[in-house]
Amino acid sequence: MDSDNSITRREFVASSTKAAAGALLLGRMPTIISAKPSLKKKRLAMVGTGHRGTGMWGTSVLASCGDIVEFVGLCDINPGRAETAKKMLSVSCPTFTNFEQMIEKTKPETVIVTTVDGTHHTFITKALEMGCDVITEKPLTTNEAKLRQIIEAQRSSKNKIIVAHNYRYPPTQARLKELLMQERVGRLTSVDFHWYLDVYHGADYFRRWHRLRENSGTLLNHKASHHFDLLNWWIESEPEEVHAFGALEFYGKNHEFRHTHCRPCPFKEKCEFFFDMTKDKRLMQLYADNEHYDGYTRDGCVWKEDIDIFDKMAVQIRYANKVQVSYSLTTYSPYEGFRVAFNGTKGRIDFWMHEKQPWPMESYDEIHVTDSFGKAEFVKLPRIEADHYGGDPVLRETIFKHQSAPDPLKRAANVRDGAMAVLIGVAARNSIGSGKPVRIAELTDLVPQAQKPYAE
Ligand SMILES: NC(=O)c1ccc[n+]([C@@H]2O[C@H](COP(=O)([O-])OP(=O)(O)OC[C@H]3O[C@@H](n4cnc5c(N)ncnc54)[C@H](O)[C@@H]3O)[C@@H](O)[C@H]2O)c1
């Protein structure tokens, strides 16, 4: 018989799950429950063994969850990079250049998709067809035709797709979401959201595969899908109509000199955007050492004439619940960060995330809550610099260790969430092309809902 102060297993699970949920709510790593190491580890396979694959989903997953997961296969179109990844992860599994062969031979339970954005749909649909669950990096895909394929594949499969929308997971986002859920400034009516990529980070997108819309769907998709997903999640509604402007007027052909890439560049001395990747051992191992397989140069010239993505973008969004959004993305700012403001019927919430700036930084992040006709409240939160404002470790542990824990902030993202983030970018791109507003319902058979449906 149980003694008075003992708890049943069910109570223990319930209370520890609550504690874990509370910790996750604040963006902290839960310390009370940890999944019991099962005898059989979850079998993972990865396609796309580049920077994100080997880092966030490779060494970091093994470091934090290596007791419950194992890699059974690694696949990349570049055989050298797959071998480099195998060494970086210190694993003994086989490597492949053929995805189907990997699935057939290694029989993974879950496939992690970390290839370039424009290829995600191929691996997501094939993995589902072959009976695997999928964890895919954002953006879910790059255009409406590929998105329709993914939606159909999900409808005819019992397997699950998780879209890794990591920006929902930092502690600052948790606090903003709580304030919005509590209607702290009344009913939300509009949002001002402006994102600044600086001359280092912003420029990097114009050096790499992202510079071609075929690969990235433009930064309205590759980068802004993070931001559009945050908007959908904050506003708790789905986008209905989008009108946008965009141009390429700084990078690419807008310059007097250029070369193929930085290492052999004759303009090194005078180009402010010269990037010396030889100083970064990891980048040299992943990319330079494997260049001879695919000709991909990680330090491509930001002035290349084939660049066909926008470098400044402005988007207006109207949601099905009538909330309006003004959004912009700048890619050559002198400092990095974002500003967001939520206008409600009873006040306004302001938040400025400083990431990199030339003047002294505070050691905390601060949310300002201003009541109409009343006082102002300042919510200070400890600043977390690493891993996407502290979001990556929380997402990783949530996926691998706490998937069945309560999700009070509704942070889990499924195909519909991934789709809605992509659809705003696609609509914005189409609107820039046509000069006209675009309705989200025209792009796929998903009908925008005033109250956002949540992942189960
Ligand atoms: N959530 C985040 O914060 C975040 C951050 C960075 C990257 N990402 C996402 O992660 C993904 C990978 O980005 P990255 O920065 O690691 O790029 P990367 O270039 O380092 O890696 C991409 C890898 O995919 C491989 N690849 C390309 N086409 C392929 C194909 N058809 N078959 C097999 N392999 C193929 C490339 O050879 C490369 O090794 C992208 O979808 C990106 O949007 C997300």
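## Cavities

A cavity is a set of grid points where a 1.4 Å probe fits but cannot get out, and its lining residues have an atom within 4 Å of a point. The model examined here is predicted. The count comes to two cavities of 30 Å³ or more.

The largest cavity has a volume of about 80 Å³. Its lining includes Phe257, His261, Cys262, Cys265, Phe267 and Lys268. Cys271, Phe273, Phe274, Cys301, Val302 and Trp303 also belong to that lining. By class, the lining has 10 nonpolar, one polar and one charged residues.

The second largest cavity has a volume of about 40 Å³. What lines the second largest cavity? The residues are Pro171, Thr172, Met353, Asp365, Leu381, Pro382, Arg383, Ile384 and Tyr389. Six of the lining residues are nonpolar, one is polar and two are charged.

## Phenylalanine 274

Phe274 is part of the lining of the largest cavity. This residue sits in the loop between β8 (239-247) and α12 (281-286). Is phenylalanine 274 buried, partly exposed or exposed? Phenylalanine 274 is partly exposed, because its relative accessible area is 31% and that class lies between 20% and 50%.

Leaving aside residues up to four places away in sequence, phenylalanine 274 touches Cys262 and Lys268. Both Cys262 and Lys268 are listed in the lining of the largest cavity. Histidine 261 lies 13 residues from phenylalanine 274 along the chain, and their C-alpha atoms are separated by 9.1 Å.

Strand β11 (residues 336-344) runs antiparallel to β12 (residues 347-356), joined by nine bridges. The two form a hairpin with two residues between them. Phenylalanine 338 has methionine 353 of β12 as its bridge partner. Met353 also lines the second largest cavity.

Strand β12 then pairs with β13 (residues 364-371), antiparallel, over five bridges. There, phenylalanine 351 is partnered by isoleucine 367 of β13. Seven bridges link β13 to β14, again in the antiparallel sense. Aspartate 365 has leucine 381 of β14 as its bridge partner. Asp365 and Leu381 are both among the residues lining the second largest cavity.

## The six-strand sheet

A further open sheet has six strands in the order β3-β2-β1-β4-β5-β6, with parallel pairing. Strands β3 (95-96) and β6 (161-164) stand at the edges; each has a single partner strand, so one side of each is left without a neighbour in the sheet. Strand β2 (residues 69-75) pairs with β3 in the parallel sense over two bridges. Cysteine 75 stands opposite phenylalanine 96 in β3.

Helix α5 (residues 120-129) packs on this sheet. It touches β1 (42-47), β4 (110-113), β5 (133-137) and β6. The direction of α5 makes about 170° with that of β5.

## Helix packing

Two packed helices are described by the angle between their axes and the distance between the axes. For α7 and α11 (residues 224-235), the axes come within 9 Å and cross at roughly 35°. Gln173, Leu176, Lys177 and Leu180 make the contact from α7, and Leu230, Trp233 and Trp234 make it from α11. By class, this contact has five nonpolar, one polar and one charged residues.

## Backbone exceptions

Most residues other than glycine have a negative phi, and most peptide bonds are trans. The peptide bond from lysine 138 to proline 139 is cis, with omega near -15°. Proline 139 is found in the loop between β5 and α6 (144-155).

Threonine 218 has a positive phi of about 75°. Its place is the loop between α9 (213-216) and α10 (219-222). Threonine 218 is buried, with a relative accessible area of 0%.

Glutamate 236 has a positive phi of about 60°. This residue lies in the loop between α11 and β8. Glutamate 236 counts as buried because its relative accessibility is 18%, and buried means under 20%.

Definitions and conventions. Residues numbered from 1 in each chain as written. Predicted model: local features only at pLDDT ≥ 70, side-chain atom pairs only at ≥ 80, totals over all residues. Heavy atoms only, no water. 1 Å grid on protein atoms, 1.4 Å probe; cavity = no way out; pocket = protein on both sides within 12 Å on 5 of 7 lines; lining within 4 Å. Points joined across faces, edges and corners; volume = space filled by probe spheres on them. Nonpolar A, V, L, I, M, F, W, Y, C, P; charged D, E, K, R; others polar. Pairing = 2+ DSSP bridges. Helix = DSSP H or I, 4+ residues; strand = E, 2+ residues; numbered from the N terminus. Buried < 20%, exposed > 50% of the residue type's maximum accessible area, 1.4 Å probe, protein only. Contact = heavy atoms within 4.5 Å. Axes fitted to C-alpha atoms, helices over the stretch in contact; angles between N-to-C directions.
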